[in-house]
Amino acid sequence: MSTLKYLRATGNHLHAARKYLQVLGFSSLHTAPNSSVELHSQDEEVVIALGSNVGNRLHSFKEALKLMRQSGIHITRHACLYETAPAYVTDQPRFLNSAVRAVTKLGPHELLAALKKIEKDMGRTDGIRYGPRPIDLDILFYGHSGGLSALWEKFGGESLIGEEGMYRVMPVADGLLDWSRRTLVMGILNLTPDSFSDGGNFQSVQSAVSQVRLMISEGADIIDIGAQSTRPMASRISVEEELGRLIPVLEAVMSMPEVEGKLISVDTFYSEVASEAVSKGAHLINDVSAGQLDTNMFKVMADLDVPYVAMHMRGDPCTMQNSENLKYDNVCKEISSELYSRVREAEMCGIPAWRIIVDPGIGFSKKTEQNLDVLTGLPDIRAEISKRSLAISHAPILIGPSRKRFLGEICSRPAAVERDPATIASVTAGVLCGANIVRVHNVKDNLDAVKLCDAILRQRSSTMKFRE
């Protein structure tokens, strides 16, 4: 069942929805008659919904998208990924739902025929109406897709998430991650001799494994392993040297019993390192350059099928803090624009929006005051991105203020290891403003802060629903 169909069912506003969609110029062609018209000589924009609740649902989506491209349907954007309870026929597995925006020269009925052929080729049979199916492809818009944001709000928008069995999810580690239920804590493991906070502490496999074991025992959800320093003015090492530091530790960590149920991230801007790390079991890639420091990164990530963290940074670690890269008229607005342009390119290279995590890059190409603006301006960043992409504006936001220099400047703490209290305060501010993942050195104390923030947000949400 498509997400739109699901919203109509759970909202119980079918007649009103149809009327509203007619006003927007919406045409549902799923039941259109089989007739023949000529191909359009000009590209038409279309929106196609995907649904699946049989077999490997995500694999079915990937296969359907591949067949759509082969059929002359060129994907330009992806929606978020949703898991929903079945409607109408409720005795069946849960559905995975999404939608894509595309351009095609196919006429409306040729497009319908192409989609029906894809459904049939993937094992779809007539079966029970609204019943189980390996793939369901519905044309939501043809030739006009304006008003999608308004339509989303019309059906309830963010208030729908978590209600009536509907959740926004991200595929990772052979499962689906619902990051809206609580804030995730990412523990930092630096394998470098020159990181600003703990450089040289975890260069041996034994010391690295011990630190991972400690962070997991303290409640880390994700371990982020980095073998290349990205502190200001850090010298860049080669792919070979980075792999030499990373792989022995990564292999040891992946073999730890304690890692079961946890996510392992690798912090790298090299596509070769990303590819090798995923082949060794890494679950996600954290790229501080959002593809700027390796032109192959997006193409490689498109094939790796793991979540990708795209972080905002101007220049590289050697140049990011120069005067030119610190110039902003409106820091949150410009971060939104620059970060979106990178994510847009990633999506055009084949990384779907449902696998993207965004990071505004606290401490990268920002002065102290600008870092503070980012921490409290996360809602503004989302709002600015939503003007360009509703899906990306709903992507998880990761923040990494841990022990950064701006905290030392504010609190007069020149030693990075003395900045944990300030880190806790900055994490608290970020989570209350909408951060979904926090990247920290001190897992134990920041986890307590995150738990309190989540409780505050739940209480706030509960109070607002009660008033409504």
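A: Helices (H or I, at least four residues) and strands (E, at least two) are DSSP runs, numbered from the N terminus. α16 gives the most to the lining of the largest pocket, eight residues. The model is predicted: local features need pLDDT of at least 70, side-chain atom pairs pLDDT 80 or more, while totals for chains, interfaces and linings use all residues. Residues are numbered from 1 along each chain as its sequence is written, and side-chain values use heavy atoms, without hydrogens and water.

Q: What makes a space a pocket or a cavity?
A: On a 1 Å grid over the protein atoms alone, a cavity is a set of points where a 1.4 Å probe fits but cannot get out, whereas a pocket is an open set with protein on both sides within 12 Å along at least five of seven lines; lining residues have an atom within 4 Å of a point. The largest pocket is lined by 38 residues, with E158, I161, S180, L457 and S461 nearest its centre.

Q: What is the make-up of the lining of the largest cavity?
A: It has 11 nonpolar residues, no polar and no charged. Among those lining the cavity are M170, L263 and P396. Met, Leu and Pro are on the nonpolar list, with Ala, Val, Ile, Phe, Trp, Tyr and Cys; Asp, Glu, Lys and Arg count as charged, and the others, Gly among them, as polar.

Q: Why is R181 said to sit over the ring of Y167?
A: The rule asks for NZ of Lys or CZ of Arg within 6 Å of the ring centre and within 35 degrees of the ring normal. The charged end of R181 is 4.2 Å from the centre of the Y167 ring and sits over that ring.
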